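This report goes through a two-part reading: what lies inside one chain, and what lies between the chains. Please keep the sequence and the structure in view while reading.

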Amino acid sequence: MSEVKLKRETNVLDVVEVENRIKELCQQLPHGITDQVIQNDMPHLEPQQRAMVINKLLSLGQLDLLRNSSGLLYRMKDTQGAGKMKGSDNQEKLVYQVIEDAGNKGIWSRDIRFKSNLPLTEVNKILKNLESKKLIKAVKSVAASKKKVYMLYNLQPDRSVTGGAWYSDQDFESEFVEVLNQQCFKFLQSKAEAAIDSKQSPMVQRNSSFATSHEVWKYICELGISKVDLSMDDIETILNTLIYDGKVEMSVIAAKEGTAGSVDGQMKLYRGVNAVIQPTGLVRTPCGLCPVFEDCHDGGEISPSHCVYMAEWLDF
Amino acid sequence: MTAQEVRLCGLLLREHFGEVVEKVGTHLLRGGAQNLRIIIHETGVPLDLVKKSLCVLVQHGACVFSSGRKGAGSPTEYRTSCDRILRILRYPRYIYTTKTLYGDTGELIIEELLQRGHMTMSSTVKTVADRLTQNMEGQYLSVCINQGLSKLFSLFLKVFLVLRFLFFVEIEYDKETAAVLIPPFLLEGLCMDYGEVSNAFSKLVETHFLQRCPPMVAAGAAASAAPATPATPGTPAAPVSTAPPSPESFPDCYKVPHMTLVGRGKRQLCSEDGEDQRNAKRAKMDSQAHGDEGICWQVNFERFHLHFRDQAIISAVANKLDQTSSEIVRTMLRMSEVTTSPTATCTKPLSANEIFRSLPPSYNIARPIVDQYLTLLVDDPMEFVGKAGESGGGMYVVNLHRALANLARATLESVVQERFGSRSARIFRLLLRKRHLEQKQVEDFAMIPAKEAKDMLYTLLAQNLVQLQEIPKTPDFAPSRTFYLYTVNQLPTARMLLQNCYKTVANLIERRLFESRENKRLLEKSQRIEAILASLQASGAEPEQLTEVEEMITATEKQQLEALRLHINKLDSAENQVDESIFLLESYINSTASTS
């Protein structure tokens, strides 16, 4: 009888010892320990006991269970996180985990459902719960206005969700973009005119009419028309729209690392240009701009002989 | 031959040659190659009128004939093509260009040849000399007495007038135009000499603006020539090729014939009507043996087109860069005028030394500066000029096809901009640069709010200026699982806009004819009154009679006439402006056709 008693006592003692031993091993190997490691350390430990200890640690929330290519891994969980989740059950912990993994891009509720394999009602309840606890928040995405993505409370939403500097409260600020557009263009145009007036050799003229994106960025910052801080990338997107307007052309040159504004050893140069041709002959006639051009035939309801637009244009 | 082209050709033929020629011409355009019997049968026009119309069309080079398709015995077939008839739209531009290059003489030569189609050199010279003389004689000789250039001449004229004054000849001086009214008989010395006109003609031929018409090979002569030439047995019995030989395939194309033509232009004096009749009769009987029978000349449209193309490139360079660069490009193009073939992609390489030497002397620029300008031209993103090598200080070429493509692209962008606004133009240019984009990407790059960008894209798509390319992720083209990419194809869009241009010109011509028809009564009345006025003036009437006749037109009618005149001028100039777009788009499309 005493043998049995002894065994039980050793069992109890063993459990606490084993737990501590496992915790020490986890701390030694922060990447995680496998079953193999535990077995090597404590060869006398039976697999059942080991499993029991590990389950206990998991339910206490002190161990993290992960899987890698070779098998299961056990990792020490930081106690701070464990403290937060006190009072929550496993499902909530799981959802919280999924949201945390999404980082600052946020995750949609349907994706949470897929990842956690929980039914929709459960997920919604948990999300409400977490929100009331101020652990997560919902951010409206600018891409689809009805979609809400969830992310951790204290994270800054990513630019792709809020739209960055051009969006304020999910609204695209077109006037702001227009104003910036015009200001950049005026700056480049005045630089080009100054270069022409300087009457130097043509090569020098052309080079002095160029402005790097860094210069334009500094000019816009100094102008102070923007409430939001704009980065050089933002200015480059504005300058690209000027290229698509046909008012500006760009070239790339190699620059020394460390000069202001150089990115990966390159700098982008912009200069104002003139149009290549005057507005073409076709658009100087009413037919070139006519909204009902396709319907116009001789003898029809709409015909050149009775065209209202032509009559107005002729009397102009 | 699209419907729009046929409609425009019909209107042009009607304006220039009349309704019968229009009927026959449009029938040939729609029907392809046909023989005489079919034309008569299907148009319902009598035989002799059909023959005359065909003659007119052949004379102007719009119609070609060849032996039938079914073999040597079948009747000749006639074929027209739209291109030649559409050139009629461009006649004013040809005449104006010649005026700027060769003065009034050249202008009249080209005008005569365009009106007559083919003419021999001697008849052209005579007609032009007569016309010039008529313009010079008569009532007013404009002399700008105060201009520095003609000081010597004005001095001479003053002496001349003083001498004449001594003989009590009436000389009037019109203060407004600084013109001197000199009676006709004093102008005996001022006639246009045939030699001057011949010189101008030769100059036009040297620069290839005029060319000989290819000699016609009659079907009968060909049959008799067949046994003479040792042809291989396999040659078909009809050696006349289906495609008419191009004028340039003949070696004498640009050779001025030796012509004996001495004399001067004849003035048309009203008192010499009877003598004129006798002169005309004598002219017909006089066999006009000037040594150039059978050698007819025509206008070389291709050469004019090359000239217009060069002008377009030079003005584009002037707009984009500056005046000096455009002068350099002009020099390069002038040097390669005769060495470059019409369909070449770029001119022959020219060395920087040559360019520097050939610059006009008024531009005294230093050699290194010229080099800098050339480097800038090469670096320009529009790629007008390219570098082909390093020998001789750098070999440079003008990229003709690329320049045409850029000009065509600028035309397309300008049409989109004027029609749909600058934001749509931004989207259009963005798609031209980036080729294929999704809708979301278009919104991001163009920085236009999503709703508006969507609207604009759909409008452009509805007008077929932008195309949609579907890339499926799954074999069923399920909309949620397909990529939809927007794209712009430059060549098909250019073709579509060209057809729109044709339709626009046809609309403008229609409107012009309508306005004239509407006010026909008024126009006739004003013509009658002008005729009455002219005859009264000639017979020496008093001023009261003249004012009485003038008052037959009321003030409102005068206003209406004035408005009508303005309308018609506006429509005319609009036609010419649209023709410029047509020229750019046609050149671009032809340049891609030749390279592909």
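## Burial and a helix-to-helix pair

A residue counts as buried when its relative accessible area is under 20%, and as exposed when that value is over 50%. The model discussed here is predicted, and the cut-off is applied to its coordinates in what follows. At 12% relative accessibility, B:Glu413 therefore falls in the buried class, and B:Arg429, at 11%, is likewise buried.

These two residues form a salt bridge in which the closest N and O atoms are 3.0 Å apart. Because B:Glu413 belongs to helix α16 (residues 400-420) of chain B and B:Arg429 to helix α17 (residues 422-434) of chain B, the pair ties together parts that are 16 residues apart in sequence.

## Other salt bridges

Over all chains, the structure holds 35 salt bridges. One of them joins the side chains of B:Lys99 and B:Glu107, with a distance of 3.4 Å from N to O.

## Nonpolar cores

The largest nonpolar core contains 99 residues, and those with the most contacts inside it are B:Leu8, B:Ile109, B:Leu210 and B:Leu431. Helix α20 (residues 490-518) of chain B provides the largest share of this core, namely nine residues.

What surrounds B:Ile109 once its neighbours within four places in sequence are left aside? The residues in contact with B:Ile109 are then B:Thr124, B:Val128, B:Val197, B:Ala200, B:Phe201, B:Leu204 and B:Leu210.

## Annotated domains of chain B

An unreviewed UniProt entry places the feature "domain: RNA polymerase III subunit RPC82-related helix-turn-helix" at residues 8-66 of chain B. That span is 75% helix and 10% strand, and its end C-alpha atoms lie 26 Å apart.

UniProt, again in an unreviewed entry, places "domain: DNA-directed RNA polymerase III subunit RPC3 winged-helix" at residues 412-488 of chain B. Over residues 412-488 of chain B the model is 56% helix and 16% strand, with the end C-alpha atoms 11 Å apart.

## The interface of chain A and chain B

Contact between the chains involves 49 residues of chain A and 51 residues of chain B. Together the two chains bury about 4,700 Å², of which 62% is on carbon and sulfur atoms. On the side of chain A, the residues that lose the most area to chain B are A:Tyr244, A:Val276 and A:Leu314, which together make up 17% of what that side buries.

The polar part of this interface comprises 20 residue pairs in polar contact, both residues being at pLDDT 80 or more. In chain A, α9 (174-197), α10 (202-209), α12 (232-244), α13 (286-289) and α14 (308-315) each supply at least two residues of the side that touches chain B. Four salt bridges are found across the interface of chain A and chain B. A:Asp245 forms a salt bridge with B:Arg426, the closest N and O atoms lying 3.0 Å apart.

Notes. Residues are numbered from 1 along each chain as its sequence is written. Chains are lettered from A and ligands numbered from 1 in the order in which they are written. This is a predicted model: local features need pLDDT of at least 70, side-chain atom pairs count only at pLDDT 80 or more; totals for chains, interfaces and linings use all residues. Side-chain values use heavy atoms; hydrogens and water are left out. UniProt positions are given in the numbering used here, feature names are shortened, and annotations may be inferred rather than shown by experiment. Helices (H or I, at least four residues) and strands (E, at least two) are DSSP runs, numbered from the N terminus. A nonpolar core is a set of buried Ala, Val, Leu, Ile, Met, Phe, Trp, Tyr and Cys residues joined through side-chain atoms within 4.5 Å. Buried means under 20% relative accessible area, exposed over 50%, partly exposed in between (1.4 Å probe, protein chains only). Contact means heavy atoms within 4.5 Å. Buried area is the accessible area (1.4 Å probe) that two parts lose on being put together, summed over both. A polar contact is a pair of N or O atoms within 3.5 Å; within protein, one must be able to donate a hydrogen and the other to accept it, and residues adjacent in sequence count only if both atoms are side-chain atoms.
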